[in-house]
Amino acid sequence: MDKFIIRGGTPLRGHVSISGAKNAALPIIAASILTDQPVLIHNVPRLRDIYTMGHILQYMGANHHFDEDNRAFHVHLNGMNRLEAPYEMVKTMRASILFLGPMVARYRQARVSLPGGCAIGARPVNLHLDALRKMGVEINIVDGYIEAHCQELRGADIYFDTVTVTGTENIMMAATLAKGRTVLKNAAREPEVVDLARCLVHMGAHIEGIGSDTLTIEGVDELAGACYSVMPDRIEAGTFMAAAAITAGEVTLPATVTPLVESIIMKLQDCDIRIQCDDEYVRVYGNGITCRDMVTSPYPGFPTDMQAQYMALMCRGQGVSIIEETIFENRYMHVAELQRMGADIEVQGSRAVIKGQPFLKGAPVMATDLRASASLVIAALAARGSTEIQRIYHLDRGYDHIEDKLTALGASIERVQQ
Ligand SMILES: CC(=O)N[C@H]1[C@@H](OP(=O)(O)OP(=O)(O)OC[C@H]2O[C@@H](n3ccc(=O)[nH]c3=O)[C@H](O)[C@@H]2O)O[C@H](CO)[C@@H](O)[C@@H]1O
Ligand SMILES: C=C(OP(=O)(O)O)C(=O)O
């Protein structure tokens, strides 16, 4: 298992490119099984989750190739050998549940391992299953697998009790090939849902209301192939913005991310971090951090996937900040590790109270999930001395060569293979 050794204290300086969004690329790869024509996806990040998606496609018998140098993912599905996403693959990546909707839509049957609980919460998929049932799918849970089949997939009116990102994506994909109209109410509006919807429209899907909380999908008989470029990763962008701020550095990001990170920019500006946006760049100047409260919420609110990184910033801010995590019930795994670095954080249920400290100090810490790991990297970049972060395979799930990008900005970060 690889680890990072980070020597803190160097202000990050320079320009960082932002990779394609993990959470858009994953559903778009799943959508490629909705057609028997070739799908070419550009700007796909080099992440462990993307390789896992490829392994599942391979297991099913789909032709695919990831041209890493050009970040291009090709899928060509001429029939499947196995309509199944097995536990061994699903357990490493929850997004594999995204094969369920497309598989049922195209083949009227599917067998997908239940993703199970994970570090940040229970993360049930009841809303995905309830919606499919409304569309005429019979679903049984057998030996930890979701077994789904139907004679005909029918459009339906569906109201999601909770805003669910992959739930919206799964059902939107299924609905593209259903008979008749599907209306999804209280649908997720995340930019990654919009990106998937746009890709589906390129493939010939009829979707109205894209970007709103009501999606109307008119089913078609078949979808065509497409060539589509994935949106930039707003969470990767936010992570680098936080790293620039905490190290009192000066970092630019491409302006393509600006509309995607509005809530992050506004919150960081609220914390007195200087951020300027023009036609070419987002410029972040780290010149001190004022602690401010923050609440996570579905888009366009502050993303839960940036909560841990924001907390790392607050640990070095002036004053006291209260963070409230409203999306996942167990997303404070980074707290204990940040405390090892000298952070003053008290968790009270879904709230965390952070008293900013004049400095953090390097320590041996453990990455526990993807964004928790990112928060440790951010804290380590600003800490006095050296921090050793174990289990960085979590980071490899969601950040495309993060150490190369940080090194190019002047950070002292080394990957050690053990
Ligand atoms: C691959 C991907 O895109 N992952 C993102 C997606 O995860 P994911 O789609 O799994 O998260 P959801 O939006 O579904 O979860 C939101 C909340 O709804 C609950 N829920 C969800 C589905 C369900 O059937 N029943 C239910 O109760 C969840 O437990 C959670 O409390 O959105 C999350 C919230 O923005 C992000 O943190 C993840 O990075
Ligand atoms: C929680 C995340 O991802 P996933 O849903 O793939 O676990 C994330 O990207 O922060």
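This is a predicted model: local features need pLDDT of at least 70, side-chain atom pairs count only at pLDDT 80 or more; totals for chains, interfaces and linings use all residues.
**Conventions.** Residues are numbered from 1 along each chain as its sequence is written, and chains are lettered from A and ligands numbered from 1 in the order in which they are written.

**Entry: ligand 2.** I looked up the residues around ligand 2 and found N23, R94, A95, D305, L370, R371 and G398. I sorted this shell into 2 nonpolar, 2 polar and 3 charged residues; Ala, Val, Leu, Ile, Met, Phe, Trp, Tyr, Cys and Pro count as nonpolar, Asp, Glu, Lys and Arg as charged, and the others, Gly among them, as polar. Domain 1 (2–19 + 232–417) and domain 2 (22–229) each supply at least three residues to the shell.

**Entry: recorded positions.** I checked UniProt, whose unreviewed entry lists R94, D305 and I327 under "binding site"; such annotations may be inferred rather than shown by experiment.

I placed D305 in the loop between β18 (294–295) and α10 (307–315). Helices (H or I, at least four residues) and strands (E, at least two) are DSSP runs, numbered from the N terminus. D305 is buried, because 25 other C-beta atoms lie within 10 Å; the cut-offs are 20 or more for buried, 12 or fewer for exposed, and partly exposed in between. Leaving out residues up to four places away in sequence, D305 touches I235 and R371, contact being C-beta atoms within 7 Å.

I327 sits in the loop between β19 (320–324) and α11 (333–340). I noted I327 as partly exposed, with 19 other C-beta atoms within 10 Å. Under the same exclusion of residues up to four places away in sequence, I327 touches T296 and T304.

**Entry: helix α8.** I compared the span of α8 (residues 234–246) with expectation: at 1.5 Å a residue its 13 residues should span 18 Å, and the end C-alpha atoms are 18 Å apart, which agrees. The expected span is 1.5 Å times one less than the number of residues. In α8, 13 of 13 residues are buried. A248 follows α8 with a positive phi, near 55°.

**Entry: domains.** The chain is divided into domain 1 and domain 2, with bounds from an automatic or database domain assignment. Their C-alpha centres lie 30 Å apart. The contact takes 19 residues from domain 1 and 14 residues from domain 2. On the domain 1 side, helix α13 (residues 393–398) gives the most, with 4 residues. I divided that side into 6 nonpolar, 5 polar and 8 charged residues.

Definitions and conventions. A residue is near a molecule or strand if its C-beta atom, placed from the backbone, lies within 6 Å of it. Two residues are in contact if their C-beta atoms, placed from the backbone, lie within 7 Å.
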